[in-house]
Structures are given as structure tokens and as C-alpha cells.
2 protein chains.
Amino acid sequence: MRTALVIGTGLIGTSAALALTSRGVRVHLRDRDPDAPRTAAALGAGTEEPPEGPVDLAVVAVPPAYIAPTVAESQRRGDARAYVDVGSVKGGPRQDLVALGGDLSRYLGTHPLSGRERSGPLAATADLFEGRPWVLTPTAETDTEVLNLALELMALCRAVPVVMDADAHDRAVALVSHTPQLVSSLVAARLEGAEESAVRLAGQGIRDVTRIAASDPAMWVDILSANPGHVAEVLAEIAADLDETVRALRALQSSDEAKREGGVAGIEAVLRRGNAGRERVPGKHGAAPAAYETVAVLITDRPGELARIFADAGRAGVNVEDVRIEHATGQQAGLVQLMVEPTAAPVLIAALRERGWSIRQ
Amino acid sequence: MRTALVIGTGLIGTSAALALTSRGVRVHLRDRDPDAPRTAAALGAGTEEPPEGPVDLAVVAVPPAYIAPTVAESQRRGDARAYVDVGSVKGGPRQDLVALGGDLSRYLGTHPLSGRERSGPLAATADLFEGRPWVLTPTAETDTEVLNLALELMALCRAVPVVMDADAHDRAVALVSHTPQLVSSLVAARLEGAEESAVRLAGQGIRDVTRIAASDPAMWVDILSANPGHVAEVLAEIAADLDETVRALRALQSSDEAKREGGVAGIEAVLRRGNAGRERVPGKHGAAPAAYETVAVLITDRPGELARIFADAGRAGVNVEDVRIEHATGQQAGLVQLMVEPTAAPVLIAALRERGWSIRQ
């Protein structure tokens, strides 16, 4: 790939442009907002000038609802040899492109699974896709040259290509991304009118469950609008389980012992299924979270405490796989949880103890 | 307080005993399992010997269903001048104690908000309660001496006392602890039978939402069984919002534009209410999460990388308030997100850049 056209210079488009430019591809930038490509070009993402002839690859990085018309128009203009989009939903845009008479042999729907809290070209970086999965959804119609140009794009962005059927992709993101977003918002919404004394008791559990409830509503309306069927399906399944759970809780209030026992069984079943599902969530390097052991170290809030812990861990030859800092409300002391390989845990504990750290086991 | 009796030497009871012993209180240990006090005593939590006369304070640290009978029996034996329990639910045990004819003037229901993934005396530590809220639920009947002994217990454990009405406490923990637990389990349960290709796309969002789904079912059945009414109430509210959300998603699939617009409005409302609720969740030191800025640093998986970052942050005089490591599936590169005071962010960015770190902005 020697030339590319990025249409839509927001976070994803500009990041891809930065990655391609840094690897020697000549990148042309286009957006319906004329200021956006100027910003992207100033960041070193490419040039605002239109290409002189068809480029090797057009990367369409616009919101889901605009993908099909943008690809169709670009194809009519003969902008490129191949066209990919990078939207977070894949089924609808493809159907729309068929309806608009687009050339399906020259188009490939893709989705890089990397996002950020921030959006726009100023948030873009060339390394946004490094090591992240990037789904591509080829069909029998897809020209092999187009597939290979898309794979080259992913390689230049240092992403990990994953081939999926478009509908399977949309079901998957409904399950692992779109549904968790809405459920997190629903739990957080309960706090909106809660008493201050209640909110004060919040700990790490609800903090984690509601973290993504802080996401941008406009962006999520776009995403959810493009995948309503699959998300509604997963949410309806959760709603059914939720109704069962409420029934089980009500049964626990019954004076009838058999009913109470049924309630206990119902609650326990939900919790056990949650255990089983959680075990499947990939951690770092795709490993299950259970593969690591946690070493908890008590710290104060003095600057440099964390540095000393990590330095001591490094001296012991231990690689910390993940870390979580848990702080006490209104206090200056806290707990650092270090996740390490099971074989490294005793080494780390001994090394930290020797250096005077207080380990909680 | 000079003497105490801890009844129930699991995680909470043994931790309280360790804290009291370390501050010079003579602590007697009792449990229905005779091995448990022996283990706790071996850890330095106190003595297995029964007290010679009434102690100053009896701390009842048994599962919620056993609190009332244990307190009533202990009061009949005249074990102590004052009795507190440390269960995670407060209304039911109190009612049960009334029914059992317990002495309400000599009893105070309390709840330290500190738990761990592990349980049992071996998981106990004297610092378990340090800086954490510890709720106490006095009533007009509570003797002032009992209240003061409970406050002394909390002070010796370095906890932060919070006075609440028992029912308000149970509603609060239903909202901020028990409901998030069940919702996390319900989302994780959806992954139990999911295809591997779908689970592979899981990112940090669902990882956070489902973290507590790994909790111990037996312990949570105990807790939820003691607070079913309040939890069912919050869950029913979430269920109503969830049904509305499913309806809004279905409306997005409609061919009627007015219906689609209604769907968009419905989805946006859920997301915005989630934003508002999330803003109320206290972060470290009780501050809202928005009070910190995130500095994202690209790292490789070489040992010592984290140590170097924290050392460089420390040299720049910057205190890292929280940290999150985000790793790419199957790859050796990752992102460290450092949360710092807004004024410290530019200092940290400049210092890290100068030392060769790649910052993502």
C-alpha cells in the first residue's frame, strides 16, 4: 500500500492516518467538517490535498449511519481500489450499501476494538490499535485484493486481525460491549437521586460496575442505534433473569419454608452462573483472571510509595501483571493489589516483607 | 476498654480481635467451631480461655441469620457490659433480638464496610478497618455507655464511624453493594454459554462490570437472604428501567420515524441518567472520579517498566492517585493510566516525556 484516503478524521480515522503516515504511506484526509482534516494534517496525519488519482485504500471512519452513503459516494467517484469502514457495527451498513447499489466486491467492513474516553483528531495517536483485535468481515463477494489491503492496514497499525461473520460480530459486541454499557448506566442511574449518606457507603464494587456509565451519551446513541436488535435481545435475556431474581428475593421473605428454600436456590444459581461467566472474561494476554494471584500491600499516601513497591518488585525479578489501588474514604492509607503469576507470588511477598512492606494475606 | 469477647472468629471477628489485642485490650475468642479460635489465637488475636467475669464489650461476628440468637444467648450468660454485632444487614437481626427478648439497651448493631475476596481467620489483619466507614445504628433505647464502647472499638480499629438508622443502612447497602453484586452476576451469566469468538472481543468495560461476579456465592446468599426486601425493591426499579430500554431499542428498529425518535430519546435519557449517577460515586478520599486527570503511558511487558514510571513520577514530585493497566489481548504492549490531580498532570506528562516515555493524549 502506497496511498490511502481517510474519510472522517475523528479519533479512529486520524489515528489510522497517523499510523499509515508513520509507516511511509501517503495519506489524504477528507471530512465534511473542513477544519477536521486541517487539524489532522497539522498533527502529521497526512495531507488535506485531494489525491490525483485512485488511491490504494479508502478508510471510511464516519458514524455508523453515514457509512453506506459515504462508501457508495466514494465508489461512484472512483476514489480507491478498495474501501473499508471502521464502524462498531457491521450488519446494517452492509445492507444499506447493497440497497444503495455499492460495489460489494471492493468493500470490506471492519471494526478495530480500540476506543478511548476522548474523541476527535486531537485525541488520536498512531499506536491506538497496537495489539488490539481488529475484526474484518469478508464475504464470498469480497475481492482478495481488498482483503489483503485491509490486512495490510491492520498490520501497519500493529493490530491483531480477527475474521468474523458480520452478524456474529454484531451479536458479539452487543454481548460484550453494548449491553454492559447500558447495564452500567442503569445501575448508576439508581444513584442519581440517592441520599448522600447512602452514596457515602459506596465501595470498589459499585465503582467498577459503574465506571463506563461516565461514557459520552451522543456516541453511544449512535452505536446503539446501529445495533438495536441484538442489544435488545441480550437485554431481554437479562431482564428475564432479573425478574427471576426479584421473584427469588421475594420468596426469601415468605413465611413458607419451601418457598424460602426455592428463593435461596434461585439466588445461588444466579451467583454461580455469574462465577462461570466471569471466568471466561479474558484478562491481560487473553488469560483468565484466575490465572494470577493477588498480593495486597498496605501503603500510605506519601509520594514515591508506589515507585518503591514497583522498584522492589522489579529487583525481585517479578513482573506485575495488573494492579489495583484501593483507598479508604477520606483517609491517607490504602491498599495496593498486585496481580502476579502464581509462582511469582511467594517470591514477591518475601521480597516486599524483607523490605519492610506490610502484606495483607 | 480493657477486655473484650469476640464471638465468631472468621475474617471480621479475627481482624477486630487482632486490632484490639495490638492496642492492649485483653481479647477472648469463641466460635462454634473449636478449631477457629485456636487458629485466631495462634495468629495473636487473643486467648481461647473463657473470660473470668463479664468483659467490657462482646463483638458478635457471625452470619446475619445467627446474630440475634447469639446476642440473646450471650446476654443471658452475662458475658459483657455491652454487645455489638458486625453483620452486613441491620434491620432483621434487631427485630429478631426483640422477638427473642434480648436487652436492647445493651446492644448496638454495627457494620464495618470492609471486606475481602478471602474469608476465615487466616485472611484476617489488624488493619482491615483502617480508614473505612463503620456504620453504627443506635436507637433511643441504646445506653450511652454501649454507644461509647462501640465508638472506642471503631477508634481502636482506626475506622471512620458513621451513624445511620438501621433501615436506612439496609436500603443504602441494597443500593450500593447488594444490587451491584447481583447485576454484575447477571451480566457475567450471559457469557456462560457465549461463543469463544465473542468473548475474545471483551475489553476493559465488561471486565470492570463483571469483576465482582467472581465473588463467593455462599457468602452472598447469606447477605442477600438477610436483606431481600430492599434489594428486590432496587432491582425492580432497574427492571422497570430495563424494560423501558428494551422498548426504546425496539422502537429504533421501527419504520416509523416518530417511533425511532422516541427510541433515541429513551436511550439517551438512560445514558444521561447514568452519567449523573456515576458522578456521585466517591473515588479515593471521597472525591468524585472527575476530580482526577488521566495520563496514559505506553509500556512494554519488560520487568521494571512500571517501577521506572512510578520512580519517574516520584522524582517529578507527582503523587499517583490511582492506576489502571490496560493490556492488549495476546500482546506484549499495554497502556498504564495514571490518575493524578489536574494541576499535576502537565508536570507528569513533561517529566515522563523527557525520560522517553510515550504518552497518549
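Biologist: What is the strand order of the open sheet in chain B?

Modeller: In this predicted model, the open sheet of chain B has 7 strands in the order β2-β1-β3-β4-β5-β6-β7, and the pairing is mixed. From one strand to the next, the twist averages 25°.

Biologist: What makes β2 and β7 of chain B edge strands?

Modeller: Each of them pairs on one side only, so β2 (26–30) and β7 (160–163) of chain B are the edge strands.

Biologist: How do you know that β4 and β5 of chain B pair?

Modeller: Pairing needs at least two bridges between two strands. Strand β4 (residues 80–85) of chain B is joined to β5 (residues 107–112) by 3 bridges, so the two count as paired. They run parallel. One of the residues involved is Y83(B), whose bridge partner in β5(B) is Y107(B).

Biologist: Nice! Now to R81(B), in strand β4 of chain B. Why is R81(B) called partly exposed?

Modeller: A residue is buried with 20 or more other C-beta atoms within 10 Å and exposed with 12 or fewer. R81(B) has 17 C-beta neighbours inside 10 Å, which lies in between, so R81(B) counts as partly exposed.

Biologist: Leaving aside neighbours within four places in sequence, which residues is R81(B) in contact with?

Modeller: Those are P54(B) and D56(B).

Biologist: And how many residues does each chain bring to the contact between A and B?

Modeller: Chain A gives 115 residues and chain B gives 115 residues. The side of chain A that touches chain B has 63 nonpolar, 29 polar and 23 charged residues.

Notes: Residues numbered from 1 in each chain as written. Chains lettered and ligands numbered in written order. Predicted model: local features only at pLDDT ≥ 70, side-chain atom pairs only at ≥ 80, totals over all residues. Helix = DSSP H or I, 4+ residues; strand = E, 2+ residues; numbered from the N terminus. Axes fitted to C-alpha atoms, helices over the stretch in contact; angles between N-to-C directions. Contact = placed C-beta atoms within 7 Å. Nonpolar A, V, L, I, M, F, W, Y, C, P; charged D, E, K, R; others polar.
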